[in-house]
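Thanks for asking me to look this over. My notes follow as numbered points, to be read with the structure open beside them.

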Amino acid sequence: MRSHLLNDLTAEHYRRSVTEGVERVAAKLATTDRPFTGVTVDALAPRIERIDLDRPLGDTSAVLDELEEVYLRDAVYFHHPRYLAHLNCPVVIPAVLGEAVLSAVNSSLDTWDQSAGGTLIERRLIDWTAERIGLGANADGVFTSGGSQSNLQALLLAREEAKTEDLGRLRVLASEVSHFSVKKSAKLLGLGPDAVITVPVDHDKRMQTVALARELERCARDGLVPMAVVATAGTTDFGSLDPLPEIAELCAQYGTWLHVDAAYGCGLLVSPTRRHLLAGIERADSVTVDYHKSFFQPVSSSAVLVRDAATLRHATYHAEYLNPRRMVQERIPNQVDKSLQTTRRFDALKLWMTLRVMGADGIGQLFDEVCDLAEQGWRLLAADPRYDVVVEPSLSTLVFRYIPAAVTDPAEIDRANLYARKALFASGDAVVAGTKVAGRHYLKFTLLNPETTAADIAAVLDLIAGHAEQYLGDSLDRAC
Ligand SMILES: Cc1ncc(COP(=O)(O)O)c(C=O)c1O
């Protein structure tokens, strides 16, 4: 069994095993002609259930054959140009190489004595990101598992900085289209059920600052403490960017912590042409960035950044067995002092490899391409009488709904759109997402693949229309 431990004696075994795995995946990626096979849970589950985990196959090739059956064949492939659903990007090769390196060396970024250079690389990337944001000389931050954790940590710091310990009086203000992790975080932080005040958005799905001002004023009048405003720079559904300068102004006026959730919009930090869309982000107290959304990084890769490094102390605990207090005086950098996690992956290496091979502009160009593509998609949809499209994209999402010529019942139109999404998924020809707008079912493209073309978008729109019409035809037959 020791031959399976990765060490000096098994370096050759490691090379062969990983190379074989890489070759299988490369072959798979090269020949995947659809984003999904359309497999159902009922068809796939028994294949996984019948594997006896107490009877190992022992042989890597055999296990890779089996993996083909239980995973690779039916995985959802984000690199395929017709995967248009959620905020998942195709990944860049330097980052995948970084992933292979980081899991083999297996540094843990909690303490210097488990990572050494890894800690310093992460810190450089945090400084680099904070500089791109413009957070100033006292900024700091830490890599996290994702945007949800980054938002949670930011709100934890905001809660600790708030001028009351009465949790029941604390309020968080976020737009009605902010990410659900804001509400989840409020719950995890022990705030009351009414803690998150939902601020309405304008026609372009951006937070209405007049309404925000009204809510902040109401809090002051009612003796409530607005501990944070969460501005979203790139909403999950619409890619809309809240008006950061105006929100920052209000936060300054009311002494409220400003958290900018740029999980999606952070790609603009490296965009050669669209950086200005993030103007005002430099005034944030904390910022969430998800490199695994718009920097083409593999899951996971995210960070929370703060303007004032000292606020990270709210996540600091010392333990003799790990990071004793004296290490602070000895200036030993232990990232666990800033993190909600203890053992933590060296995800930063993927971004490091990416920047060193491609450069920031390279990533920014890719993100620009998908934003350009979304503009083309918008024009297609706006000119297509079969579709209602919600807002002109600022980033790379499109929310739209098939509107059949002969049907006026909104509930029936809902059902046709729901059916079309399901049928498309089952066909495996393309994968699209769905959401609700004003209580009605809509479909969504999240465009994060520079290989997707306007022709792909047009073709998928035809497929959706075909499935929706099929549903409506069948439902007419049922009625007759
Ligand atoms: C705006 C926004 N914030 C936060 C998140 C949560 O990020 P994660 O899925 O990495 O936890 C998302 C995910 O889509 C998001 O769109």
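What share of the 480 residues of the protein counts as buried?

1. The share that counts as buried is 43% of the 480 residues. Please keep in mind throughout that this is a predicted model. As for the fold's inventory, the protein has 15 helices and 12 strands.

2. A word on overall dimensions. A compact globule of 480 residues would have a radius of gyration near 23 Å, and the protein agrees with that, having 24 Å. Along the principal axes, the C-alpha atoms fill a box of roughly 80 × 70 × 40 Å. If you take the contacts with a separation of 6 or more, 74% of them are between residues 24 or more positions apart.

3. Helix 4 covers residues 93–105 and helix 12 covers residues 348–357; their axes are 7 Å apart and the packing angle is about 140°. The two helices are therefore oblique to each other, because an angle has to be over 145 degrees to count as roughly antiparallel. Their crossing is right-handed. From helix 4, the contact uses Pro94, Ala95, Leu97, Gly98, Glu99, Val101 and Leu102, which meet Leu349, Lys350, Trp352, Met353, Thr354 and Val357 of helix 12. Sorted by class, that contact has 9 nonpolar, 2 polar and 2 charged residues.

4. Helix 12 also packs against helix 5, which spans residues 117–133; here the axes come within 9 Å and cross at roughly 65°. Helix 5 and helix 12 are therefore roughly perpendicular to each other, and their crossing is left-handed. Ile121, Glu122 and Leu125 of helix 5 make this contact with Ala348, Leu349, Leu351 and Trp352 of helix 12. The residues divide into 6 nonpolar, no polar and 1 charged.

5. Now for another helix pair. How are helix 8 and helix 9 oriented to each other? Helix 8 (residues 209–221) and helix 9 (residues 244–254) have axes that come within 10 Å and cross at roughly 15°, and the pair is therefore roughly parallel. The crossing is right-handed. Thr209, Leu212, Ala213 and Leu216 of helix 8 meet Glu246, Ile247, Leu250 and Tyr254 of helix 9. By class, the residues of this contact are 6 nonpolar, 1 polar and 1 charged.

6. Alanine 154 sits in helix 6 (residues 147–161). Leaving out residues up to four places away in sequence, alanine 154 touches His259, Ser286, Thr288 and Val304. The C-alpha atom of alanine 154 is 8.7 Å from that of aspartate 285, although the two residues are 131 residues apart along the chain.

7. The other residue is aspartate 290, in strand 7 (residues 286–290). With 28 other C-beta atoms within 10 Å, aspartate 290 is buried. Beyond its neighbours within four places in sequence, aspartate 290 is in contact with Gly146, Gly147, Ala263, Tyr264, Cys266 and Ser302. From aspartate 290 to tryptophan 378, which is 88 residues away along the chain, the C-alpha separation is 25 Å.

8. Lastly, some backbone details in the loops. Which peptide bond is cis, with omega near 0°? It is the bond from valine 299 to serine 300, and serine 300 lies in the loop between helix 10 (291–294) and strand 8 (302–306).

9. Positive phi values outside glycine are also worth checking by eye. Asparagine 106, in the loop between helix 4 and helix 5, has a phi near 60°. Asparagine 106 is exposed, with 12 other C-beta atoms within 10 Å; a residue counts as exposed at 12 or fewer. Arginine 331 likewise has a positive phi, of about 60°, and is found in the loop between helix 11 (326–329) and helix 12. Arginine 331 counts as exposed because it has 7 C-beta neighbours inside 10 Å.

Key:
Residues numbered from 1 in each chain as written. Predicted model: local features only at pLDDT ≥ 70, side-chain atom pairs only at ≥ 80, totals over all residues. Helix = DSSP H or I, 4+ residues; strand = E, 2+ residues; numbered from the N terminus. Rg over C-alpha atoms; globule rule 2.2 N^0.38 Å. Buried ≥ 20, exposed ≤ 12 C-beta atoms within 10 Å, placed from the backbone. Contact = placed C-beta atoms within 7 Å. Axes fitted to C-alpha atoms, helices over the stretch in contact; angles between N-to-C directions. Parallel < 35°, antiparallel > 145°, perpendicular 65-115°, else oblique. Left-handed = near helix turned anticlockwise from the far one by under 90°. Nonpolar A, V, L, I, M, F, W, Y, C, P; charged D, E, K, R; others polar.
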